[in-house]
Amino acid sequence: MSTTTTTTTRPSGQAARPGPNRSARPARFRFKGLGLGVYSFLALAFLLIPIVYTFIYSFNDALKNNIAWRGFTFRNWTNVCDAAGICDAFMASIIIGIIATVVATVLGTMIAIALMRYRFRFRSQTSLLLFLPMASPEVVLGAGLAAQFLSLGVNKGFGTIIIAHVMFCISFVVVTVKARVASLDPALEEAGRDLYGSPVAVFWRITFPLLLPGILSAALLSFSLSFDDFIITNFNAGAVTTFPMYIYIAASRGIPAQANVIASAVFIITILVVLITQLTAAARAKRLAKNVG
Amino acid sequence: MALAAFSTAAPPTQDQEPAQRRRSGIALVLLLPGVLYLVLFFLTPLVSLIITSFQTPVVDGDIGQYQAAFQWQNYTDAIAEYWPQIIRSFVYAIIATAAALVISYPLAYFIGVKVRKYPLVQNLLMTLVIAPFFISFLLRTLAWKQLLSDDSWFTSSLKALSILPPDAHVTGTAFSVIFGLTYNFIPFMTLPLYSTLERLDVRYLEAGSDLYASAWTTFRKITIPLSMPGIVSGTLLTFIPAAGDYINASQDFLGGADTSMIGNVIETNFLVLQNYPTAAAMSVVLMAVILVIVGVYVKRSGTEDLL
Amino acid sequence: MARGAFAESGADLQLVGIKKRFPGFTAIENLDLTIPAGSFFALLGPSGCGKTTTLRLVAGLEEPTEGQIIIGGKDVTKTKPFQRPVNTVFQSYALFPHMTILENVAFGLRRRKIGDPVAKAHEALRLVELDHLAARRPAQLSGGQQQRVALARAVVNRPALLLLDEPLGALDLKLRRQMQLELKSIQTEVGLTFVHVTHDQEEAMTMADTVAVMNKGEIEQMGAPAVLYELPATVFVANFLGQSNLFVGPILDGGGDVLGVDVAGQRIQVPRSRAQRHTGNVTVGVRPEKLTLHPDPSGIPSGANLLGPGRVIDVSFSGVSTQYLVDVPGAGTIVVFAQNLSSGPVASLGGEVWIAWDPSHTFVLADEPPADGRFADDSDTQMIATQAKERMLTELEEA
């Protein structure tokens, strides 16, 4: 039987080992890895192009619109609020984001814990109900809420925006926290109960501290979704203008460079937060591993 | 699923055995607030939409005033008028989803399988993948509008190389809309793919090789079937929002005169024309198609993997 | 459970009529068990037999579908885990990763508001010789050290009952032996009642005062390790604890202190006191290490049980002993362990041998023998391979 199609070779004299055989990867696999690596680099670069563009154009010495490059300046960064209404819109987005994040994170975390640890009827229906907001087009969600507020005679404004944001953030919080709960050994909570912990004590001293990284991830995700949301917000904002709405309205006549400044600043801060979290976690893990024994 | 990759925790281990889950009243207390919230502000609005879609204008009333009715003709009228947009939305969405899948899969494979030795690098690379989320969606799309505009170096070079005729546009075409959709949904496709591929046991691939499969056969018969849950999640999470998107297709962004999608129709009718019944009817149509797709999926694979 | 008070010593544990059903299967059919205070008790059985479920029921982590759990005379069936004077050493240790091991050990004391928890935690860590690592996190300890911390965390609370769920499973052989001795000495020193769940029969026999063998949700036999080993009551116990040679045959004569059973045409003697059944078709057995091999019947002392002639079909040297497989027509394949008193095997492959043993080592089991009079072939891989080889050789000879 021809064996020319096999792509693994075993060094002579070495018995087959269980597990990935890393050191003896033949040339073809290594080349494929390189090809994939180059591709991934290009793909990631492609993903980052608009970000870089936005960042660069935040330094454009622009007049009305920010399309043609006129010169490099720091002016936009130092006078961010010069563009009329932009800082109000930004603050609105921040406030809405914080409130919506807190509410969605609390509600979503409770659901995630219930899903993972407890049996209850209507389990699949609940999962479906949580999945649908993530899967529904924003247009439908926005129009639906707006129609409901309309029929109830509720005035659209801050309140309705926050209600809308919490609604679509809950599902994402559940997914993120659920992943973290899944990695939590249930024996830990059992040990807590075995060691005379009341249900409240077990939650605060064991479950919550161990869930915290997941909860914080979920909160960060929720805030990002809320801050950047346009479609649902647009349908339910009434007289309030959030930052994305500001951009949309300005799109037709020309977006001031300060919008690029704010967006870039938010991007940098968020990325830094995420990177620092990951790097410190990795450093701590490394330090712990070194001290074993 | 999708956003498991977002958390900074270790990759999730198996779900708790159903027998080990406790039956308790606490579950209800934990669930009730959130579930009630969603029933109030997700389900009820959908019902509102359905009700609104059957309404008729108030005779002699102002624009935007409607009364309860059962005018199912709203649906037939809307579909008759807007069927090009309906078809167009699904065509664009399918192409964008397929493109996103083709682009994302190798990327997810590289990060999830090839870089497994370095978990820190994996996390950093995935952070780069979701980095676009952190900058405004509108600005991202506008950036592409500028980068693909008539006087950008990209378009100019294409014209100089005679790939494009001198008076052609890149923006405002179906191509730019699909391009924008694909770009914006690549992270949605990559995350679930990564999640699944990250947990792929490489030894299956090695067993394939050991049993005389070429690299391509191994990929086709082992890797793809094993990563199917991720492919399905990613497809659902991409196709559905893409079908309903209207920013990319909007004329202020990457769209043109004849690229409008269902989303644009709904937006225009709702916010500009105040023609609520038509907007609602179109929303219901869109939602119904999506529910059918999700229903097919749930029937095949159940609800446990949804979240 | 009175707050602030330690148990003075271990307590009795009584399980009465316990039944535990899960959706889809029944883990425990019917369990009645009494464990005296202060003893080291082992619950032994294969995976899925219900031993871990029993432990969790005693700890309060599961509720029985039916039945009562009584600790020290008090019915605790309806109480929650944190109300019971019971602590568990979990199979995965379940050390809290976000606390130092000192805080881990002090956890139970703090919950019960015991005075001076830190000092007592240090004392417990000294008991397991880990006090010098008190400030470390569990992730910084080796498997054996984590296991000792888990033990200290449970013992520090001086519970009336200490439950151990296969705590030594993840340790390598040498460490496991060491920990077995340590656990035993700690139990004697502190005087608590230990209930140790394991599937390792050697571990159970080494450490426990009393062993209960569990199978499919019920206890098959309970008693001192030596008694269980030398006088198993059922086929399951005979095969689970060590190895047994089992034969089926009718009882020939039943009068007097000694019964006779017909095995492959030979009369096998069994003391009446070692027989669970006295009439009809029975399963009779003897342990492999009690058997001796003889090249001819003349050297065999009179009064010994005798089977043969048979042919040696496999010889396996394993250092301390040599295992022989002998095929005796009518009796099947017999396993013989011979201690390697002299170098070199007693019998060679293919040779003809007779097997003899002292009748007082024979036992008759309580089970109804299988209707076709033969046991299903042993599922041990070596046995299967050897028997297959035998069949092929016979076919070749006949061809």
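Student: What makes strand 14 and strand 20 of chain C a pair?
Tutor: In this predicted model, two bridges join strand 14 (residues 281–286) to strand 20 of chain C, and the two run antiparallel. Strands pair if DSSP finds at least two bridges between them, so these two qualify. In strand 20 of chain C, Val364(C) is the bridge partner of Val284(C). Strands here are DSSP runs of E of at least two residues, and helices are runs of H or I of at least four, numbered from the N terminus.

Student: Which conventions apply to the numbering and to the model?
Tutor: Residues are numbered from 1 along each chain as its sequence is written, while chains are lettered from A and ligands numbered from 1 in the order in which they are written. As the model is predicted, local features need pLDDT of at least 70 and side-chain atom pairs count only at pLDDT 80 or more, whereas totals for chains, interfaces and linings use all residues.

Student: Why are strand 13 and strand 20 of chain C called edge strands?
Tutor: The open sheet has five strands in the order 13-12-11-14-20 in chain C, with antiparallel pairing. Strand 13 (266–271) and strand 20 (363–364) of chain C each pair on one side only, which is why they are its edge strands.

Student: How do you know that helix 9 of chain B is largely enclosed?
Tutor: A residue is buried if 20 or more other C-beta atoms, placed from the backbone, lie within 10 Å of its own, exposed if 12 or fewer do, and partly exposed in between. In helix 9 of chain B, 14 of the 17 residues are buried, so the rest of the structure largely encloses this helix.

Student: What span should helix 9 of chain B have?
Tutor: The expected span is 1.5 Å times one less than the number of residues. For the 17 residues of helix 9 (residues 228–244) of chain B this gives 24 Å, and the end C-alpha atoms are 24 Å apart, which agrees.

Student: How many residues of chain A and chain B take part in their contact?
Tutor: Chain A gives 94 residues and chain B gives 98 residues. Residues are in contact if their C-beta atoms, placed from the backbone, lie within 7 Å.

Technical notes
Contact = placed C-beta atoms within 7 Å.
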